[in-house]
Amino acid sequence: MAIKYNDNAFKDNVNTNLERDFMRGAVTSAQNRLHGGRLKAVDELGDWEEWRKHGEEIRQHVLDNLDYYLYELSENVEKAGGHVFFAQTPEEANAYIQSVVQKQQATRVLKSKSMVTEEISLNEALEEIGCTVLETDLGEYILQLDDHDKPSHIVAPSVHKNRFQIKEVFVKKLGYPEDGSADAKDLARFVRTILRDDYMQAEVGITGCNFAIADSGSISLVTNEGNAGLVTTIPKTQIAVMGMERIVPSLEEMEVLVNMLTRSAVGQKLTSYVNVITGPKRAEDVDGPEEFHLVILDNGRSDILAGEFKSVLQCIRCAACVNVCPVYRHIGGHSYNSIYSGPIGAVLTPLLAGYDDFKELPYASSLCGACTDACPVKIPLHELLLKHRQVIVEKEGRAPVSEGLMMKGFSVGASNSTLFNVGTKIAAAVMKPLSKDQMISKGVGPLKDWTDIRDFPIVEREKLRDWFDKREKKGGK
Amino acid sequence: MKVSLFATCLVDTFQTNVGKATVELLERLGCEIEFPRSQVCCGQPAYNSGYVEKAKEPMRKMIDTFLDAEVIVTPSGSCATMFKEYPHVFKDDPAYAEKAQIVADKTYELTDFIVNVLKVEDVGATFNHKITYHPSCHMTRLLGVKDAPFTLLNNVKGLEFIPLPYSYNCCGFGGTFSVKMGNISEQMVDEKVDSAIETEAEYLVGADGGCLMNIGGRMHRRGEKIKTIHIAEILNQQA
């Protein structure tokens, strides 16, 4: 699937999605539900600010010493009998995974939810070599069934669909009875019976990785459905794919971050399952794969690590920022045209995939700071969005010429009070004939975009400074 | 106490009533008000659009203007936040780094100043109306002023307060965002207006001119009965 979804302009994608009433209803109600849940869950921890500081420290420490921990991790994975592959690019990652699958002469691949495999278009790469790939996370499975609809959220990929739409997909694709219930429990039970058979026949299991644990060479998977447990135990070959920054030093730090992850993501103390897996099956184990491969992906992360956007790599993919974003609330995930949506997507996507296709994303924010406030590991998201804008304007020179001129005018006018005074008085005279009831409904020039939506106040005849002058002259206070 | 009023360009130009109320209110509370004439704008419109270098000129002007003030008070959470950002903006500028810090350290948003510096919780105002309150984003999240407006409103006689549903969501202003991403901003401000109407309040109160101009402008366009009002105007109302 790669990072980018389509070739449409940002504005067109937004306009299309603003028309999608079902999507908007589903997203708004999910946000409203998650809001209270998250606050309650983090409140239970006591001093949440202290936890956030601790979480930030852990992530920063790992990023500052990433070379050390990557080395430790790979050594320990190999000690446990696993194989490690460092992939610079999506192509390298896919080629390696293809070769592992082909060596097994496997054609049936099971997957549990993983954004990084979306990032590298792994499913397509596997289908190219004749494999059937089955997504086992319910949300991902629904999207796969629905003619490969795209994820609109990094944690809840099908959040843009309500249960009635999901039922429709099941009726159309799985023969679910048309008069069957649209109750979430019934729908889940139905899918469960279908997926069970596929689990038993799969030859290769592929997962993402929430956190890799450097000192034990383990990977961990945080799920609610238990699907990752089956994906990692039934198939004989297991492959885990991770972004190179997703490491913790030891189980101790993992415990802290998982605590913060599940609370921030879904308002739960803990998800139903947290799997920690170390290497392939050992002699004394009752189950587990015979082969274990860990693919560690760079894909631009080294460059981010070395630059001014480094802190975005602290991300633990909880989507708390997405769930509080008032822009995401209205435009939904697909408008971002990227597998990474919401504030984290608006920061990360241009870094991974460039400004050519994504230079509008940093502007899709009112800089309200809700994201920064919600982030459990204290990524200053709104500041990074601002940083992107600065890079786009000052380093890349990609801002519209008209905007540049306006800002030049602003800089001059706002640095000189005499000029400002005269200018606003001229504006008052110009605007006066356009107004009615002290408001302007049809602005011209730079005001037009404002008055397309709302009325604009006219400049007051007497400015505050003039009132103040008069008052002082009169000997008022 | 001698207060240097940082009026903000919006109040100086479009919302003079807010400025007058701020002056009268602070005088009633025993302050002496000065209006430094060379002030214009904090630079936020350019800064938040990515034109950091172009924003620096107006910012330097403001730093020079307010450097010698005893305290700086502004009826805007967002513009106060911008002043607080100055040390960060000028951290590598030897001529202004220290001055920026001095200005930032003595800058207060109006309600924060009244409650936490003047130590006044009841300004003796009367306002016989039903109101709801929109906590603006920069003021609550970035500046960290959350409780002061409620402390003051709670003590206004005759005032009936109804909480605003989803009050934590941005109103869709965001400076240039409101015009650059007009179609998204429209959805956000509409939800804010709908929430305000749901409270059946007569006024939506705020402490930031930008947000009020956005919400009020949309209310006016839609022909709604509910109006916006700045908190300074309420606190300055006497029986």
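Trainee: Before we start, what are the ground rules on pLDDT and numbering?
Mentor: It's a predicted model, where local features need pLDDT of at least 70, side-chain atom pairs count only at pLDDT 80 or more, and totals for chains, interfaces and linings use all residues. Residues are numbered from 1 along each chain as its sequence is written, while chains are lettered from A and ligands numbered from 1 in the order in which they are written.

Trainee: OK, how many residues does each chain put into the contact?
Mentor: Chain A puts in 50 residues and chain B 57 residues. Two residues are in contact if their C-beta atoms, placed from the backbone, lie within 7 Å.

Trainee: Which helix gives the most on the chain A side?
Mentor: Helix H19 (residues 381-395) of chain A, with 6 residues. Helices (H or I, at least four residues) and strands (E, at least two) are DSSP runs, numbered from the N terminus.

Trainee: And what classes of residue are on that side of chain A?
Mentor: The side of chain A that touches chain B has 27 nonpolar, 10 polar and 13 charged residues. Ala, Val, Leu, Ile, Met, Phe, Trp, Tyr, Cys and Pro count as nonpolar, Asp, Glu, Lys and Arg as charged, and the others, Gly among them, as polar.

Trainee: Back to H19(A): how does H16(A) cross it?
Mentor: The axes of H16(A) (residues 342-353) and H19(A) come within 9 Å and cross at roughly 40°. Axes are lines fitted to C-alpha atoms, for helices over the stretch in contact, and angles run from 0 to 180 degrees between N-to-C directions. That angle makes H16(A) oblique to H19(A); under 35 degrees counts as roughly parallel, over 145 as roughly antiparallel, 65 to 115 as roughly perpendicular and the rest as oblique.

Trainee: Which residues meet there?
Mentor: From H16(A) you have A:Pro343, A:Ile344, A:Ala346, A:Val347 and A:Pro350, and they meet A:Leu381, A:Leu384, A:Leu385 and A:His388 of H19(A). By class, this contact has 8 nonpolar, 1 polar and no charged residues.

Trainee: Switching to chain B. What angle do H11(B) and H12(B) make?
Mentor: About 75°, with the axes of H11(B) (residues 182-198) and H12(B) 10 Å apart. The two are therefore roughly perpendicular to each other.

Trainee: Now sheets. What's the strand order in the chain B one?
Mentor: That open sheet of 4 strands runs E6-E5-E7-E8 (chain B), with parallel pairing. Two strands pair if DSSP finds at least two bridges between them. The edge strands are E6 (160-161) and E8 of chain B, and each pairs on one side only.

Trainee: Where does H12(B) sit relative to it?
Mentor: H12(B) packs on the sheet and touches E7 and E8 of chain B, its direction making about 165° with that of E8(B).

Trainee: How many bridges join E7(B) and E8(B)?
Mentor: There are 4 bridges, in the parallel sense, and B:Val205 stands opposite B:Ile229 in E8(B).
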